[in-house]
Amino acid sequence: MRDRQDARAGEPRYRTRQFEAFVAGAAGRLLHAATLLTAETQARNPHAQALLTASLAHTYAHWGRLRGEDPYDRTRADLAARFARTAWRHHRGRGGILAALTPQERLVVVLRLYEGVAEEQTAALLGLPEDRVRAVCARSVYALRERRRGGIAS
C-alpha cells in the first residue's frame, strides 16, 4: 500500500520534470513563432510572451493526457488558435518582419513557412479550404517580396 502512495507522490514531480524538459527544448522556437504572429520585435514582444505562456499552461494542464501526441504540435495548435481568437488585437504590426501582413496572413505564413505545417493541416486547423490557405500564403509571400524590393530601392 505504501509503495503505491510513494509512486503517486512522485508522479507530479516526474510530470513536472518532463514538462520542464519540453519547455527548455521548445520554448525558444515557439516564442519566435508567437513573435512573428503578433508582428512584434524580438526585443519587445509582450503579447507573444503572453500567448506562449497561456499555450504552455494549457499544454501543462493536459500533459498527463497527451498519450503519444506530440506536445510541440499540441502547443503550436493552441498558440495558433489563441492568436486567431485574439487577432483583432494584433492587427497592427509593431515593427516585426511580418507587420505588413494581416493577422490571417501572418498565421498562414508562420504555420506554413516557418513551422512547416502541411497545407491540409493548416487548412484544418484554421477551418479554411486548402485552396484558400494556398492563395493566402502565395499572396503574403508576394506582398513581403514586393515590400522588400521597395525597401531596398528606397
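## Getting started

The protein chain has an accessible surface of about 9300 Å², and 53% of that belongs to carbon and sulfur atoms; accessible areas come from the Shrake-Rupley method with a 1.4 Å probe, and for residues only the protein chains shown count as cover. This is a predicted model, in which local features need pLDDT of at least 70 and side-chain atom pairs count only at pLDDT 80 or more, while totals for chains, interfaces and linings use all residues. Residues are numbered from 1 along each chain as its sequence is written, and side-chain values use heavy atoms, with hydrogens and water left out.

## Exercise 1: the overall fold

Task: work out how many helices and strands the protein chain has.

Step 1. Helices (H or I, at least four residues) and strands (E, at least two) are DSSP runs, numbered from the N terminus.

Step 2. Tally them up, and you get six helices and zero strands. Along the sequence, that reads α-α-α-α-α-α.

Step 3. Now look at burial, where buried means under 20% relative accessible area, exposed over 50%, and partly exposed in between (1.4 Å probe, protein chains only). Of the 154 residues in the protein chain, 35% count as buried.

## Exercise 2: the nonpolar cores

Task: say which residues of the largest nonpolar core touch the most other members.

Step 1. A nonpolar core is a set of buried Ala, Val, Leu, Ile, Met, Phe, Trp, Tyr and Cys residues joined through side-chain atoms within 4.5 Å.

Step 2. The largest one has 17 residues, and Leu37, Leu79, Phe83, Leu98, Leu107, Val110 and Leu111 touch the most other members. Helix 1, helix 2, helix 3 (71-86) and helix 4 (103-114) each give two or more residues to this core.

Step 3. There's also a second, separate core of nine residues, including Phe19, Leu56, Trp63 and Tyr72.

Step 4. Zoom in on leucine 79: leaving out residues up to four places away in sequence, Leu79 touches Leu30, Ala34, Leu37, Leu51, Leu52 and Ser55.

## Exercise 3: salt bridges

Task: find how many salt bridges there are, then trace three of them.

Step 1. A salt bridge is a side-chain nitrogen of Lys or Arg within 4 Å of a carboxyl oxygen of Asp or Glu. By this rule there are seven.

Step 2. Glutamate 115 pairs with arginine 76, with their closest N and O atoms 3.0 Å apart. Glutamate 115 sits in the loop between helix 4 and helix 5 and arginine 76 in helix 3, 39 residues apart. Both are buried.

Step 3. Glutamate 105 pairs with arginine 139 at 3.1 Å between the closest N and O atoms. Glutamate 105 is in helix 4 and arginine 139 in helix 6 (residues 130-153), so the pair ties together parts 34 residues apart in sequence.

Step 4. Glutamate 119 and arginine 134 meet in a salt bridge too (2.9 Å, N to O). This one links helix 5 to helix 6, with the partners 15 residues apart. Glutamate 119 is buried, with a relative accessible area of 15%, whereas arginine 134 is partly exposed at 42%.

Step 5. Finally, salt bridges that share partners join Arg29, Asp73, Arg76 and Glu115 into one network.

## Exercise 4: positive phi

Task: decide whether alanine 39 is buried or exposed, and do likewise for arginine 67.

Step 1. Most residues other than glycine have a negative phi. Alanine 39, though, has a positive phi of about 55°, and arginine 67 has one near 40°.

Step 2. Alanine 39 is in the loop between helix 1 and helix 2 and is buried, at 1% relative accessible area.

Step 3. Arginine 67 is in the loop between helix 2 and helix 3 and is exposed, at 72%.

Conventions. Contact = heavy atoms within 4.5 Å.
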